[in-house]
Amino acid sequence: MLKVYGVIGDPIAHSLSPIMHNQEFEALGIDAKYLPFHVKEKDLADAVKGMKAIGIAGFNVTIPHKEAIIPLLDDIDSLAKAIGAVNTVVRKNDRFIGYNTDGEGFFRALQEEWKEEIKNERVLIIGAGGAAKAIYFTLLAKGITRIDICNRSLERAERLVSECPYEGKTKILTCNDASKEIGNYDLVIQTTSVGMHPLVHNLPISLEYLNKNTFVSDIIYNPLETALLKEAKKYGAKVQNGIGMFVYQGALAFEKWTGKAPNIQRMKKTVIKQLRGTTC
Ligand code: ATR
């Protein structure tokens with residue numbers, strides 16, 4: 001019987017998830033469809049109840065529902081619970097179980113480029129919002145402990161660190177101070193919205209002291225190359241955009257739902273093709 005999956009969010013019309021998942025269902029011969037569902041904040045509880053009732057087999061959760069959905073689910077995985085956000089819901093024995101594949105998605109994408117084991121590297125995360133939290137918690141849970149954070153609001157960064165159940169050696173810095181030390185980091189992860197429309201020409205941090213040995217990863221994928229990545233390339237640094245994280249977070253959800261591994265390269269190609277048509 002046809003299984004129905006989907007993504008709930010507001011807005012949702014421009015989500016690239018449906019095309020990415022539907023292509024893989026078709027390619028792998030899985031009888032399933034993935035649909036975008038526009039759900040307003042006030043309707044979230046009804047929507048979840050309705051999805052349960054009509055037999056939705058699993059779904060993704062995006063802005064603004066990633067946190068609010070938690071009390072509406074039957075169970076939640078420990079990492080998602082620690083992060084306080086769910087992006088993937090799996091239906092198991094008629095129960096909705098919440099997961100967070102954002103941090104793991106980032107890690108898999110990074111690992112694809114990095115090749116060697118990541119352990120004692122010095123890491124700087126720029127930003128302290130939801131995405132930063134998923135990445136920070138996931139990296140710490142994997143034993144990568146030398147992670148500093150800089151953010152516009154230091155208070156928010158302090159809160160993020162204090163809420164983390166995993167052990168780490170983290171220094172919190174202003175973006176100004178972090179920029180002076182940027183050359184000492186092996187990996188810089190940009191998680192703020194600076195670089196996205198309308199701030200496409202802005203940098204969240206100055207790269208004046210960057211050197212070619214630092215790997216700069218920006219989780220933004222629209223535009224495909226942010227001002228930060230453009231600038232980092234001028235210093236000879238290796239860079240990565242957010243396509244990999246987006247594709248892997250989706251692939252991890254796909255695997256949880258179907259038990260089958262989708263084709264990562266094919267998913268990436270499709271997403272990039274879509275973005276080339278729509279990039280601002
Ligand atoms: P997400 O879930 O995508 O991470 P978020 O939780 O709203 O989104 O977090 C946004 C991040 O971008 C935060 O780190 C935010 O900094 P503050 O905590 O100081 O608000 C950062 N951010 C957003 N707009 C910014 C701007 N114009 N300059 C610097 N940082 C910005």
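User: Is Asp94 buried or exposed?

Analyst: A residue is called buried when its relative accessible area is under 20%, exposed when it is over 50%, and partly exposed in between, with a 1.4 Å probe and protein chains only. Asp94 has 53% relative accessibility, so it counts as exposed. Please bear in mind that this is a predicted model, in which local features need pLDDT of at least 70 and side-chain atom pairs count only at pLDDT 80 or more, while totals for chains, interfaces and linings use all residues. Residues are numbered from 1 along each chain as its sequence is written, and side-chain values use heavy atoms, with hydrogens and water left out.

User: Where does Asp94 lie?

Analyst: Helices (H or I, at least four residues) and strands (E, at least two) are DSSP runs, numbered from the N terminus. Asp94 is in the loop between β5 and β6. Asn93 is also placed in the loop between β5 (88-92) and β6 (95-99). Asn93 counts as exposed because its relative accessibility is 75%.

User: What is the phi value of Asp94, and what is that of Asn93?

Analyst: Phi of Asp94 is near 65 degrees, a positive value in a residue other than glycine. For Asn93, likewise not a glycine, phi is positive and near 50 degrees.

User: Which residues does a cis peptide bond join near omega values of about 10 degrees and about 5 degrees?

Analyst: With omega at about 10 degrees, the cis bond joins Ile63 and Pro64. Pro64 is found in the loop between β3 (58-61) and β4 (75-76). With omega at about 5 degrees, the cis bond joins His197 and Pro198. Pro198 belongs to the loop between β10 and β11 (215-218).

User: How many helices and strands does the chain have, and how is its overall form judged?

Analyst: The chain has ten helices and twelve strands. The radius of gyration, taken over C-alpha atoms, is compared with the globule rule, 2.2 Å times the number of residues to the power 0.38. Here the radius is 19 Å, close to the 19 Å that the rule gives for 280 residues, so the chain is as compact as a globular protein of that length. Along the principal axes, the C-alpha atoms fill a box of roughly 55 × 40 × 35 Å. Of the 280 residues, 48% count as buried.

User: What share of the contacts joins residues 24 or more positions apart?

Analyst: Contact means heavy atoms within 4.5 Å. Among the contacts with a separation of 6 or more, 68% are between residues 24 or more positions apart.

User: Which residues have the most contacts inside the largest nonpolar core?

Analyst: A nonpolar core is a set of buried Ala, Val, Leu, Ile, Met, Phe, Trp, Tyr and Cys residues joined through side-chain atoms within 4.5 Å. The largest such core has 29 residues, and those with the most contacts inside it are Ile125, Ile135, Tyr136, Ile147 and Ile189. Elements that give two or more residues to this core include β7 (123-126), α5 (130-141) and β8 (147-150). The largest share, seven residues, comes from α5. Beyond its neighbours within four places in sequence, Ile125 is in contact with several residues, among them Ala132, Ile135, Tyr136, Ile147 and Ile189. A second, separate core of 17 residues includes Cys175, Tyr185, Ile205 and Ala237.

User: Is Thr214 buried or exposed, and which residues does it contact?

Analyst: Thr214 lies in the loop between β10 and β11. Its relative accessibility is 1%, so Thr214 counts as buried. Leaving aside neighbours within four places in sequence, the contacts of Thr214 include Ile182, Tyr185, Val188 and Ala237. Thr214 and Ile182 are 32 residues apart in sequence, and their C-alpha atoms are 8.1 Å apart in space.

User: Which residues does Ala261 touch?

Analyst: Ala261 is placed in the loop between α9 (243-258) and α10 (264-278). Ala261 counts as exposed, because its relative accessibility is 56%. Setting aside residues up to four places away in sequence, Ala261 touches Leu28 and Glu255.
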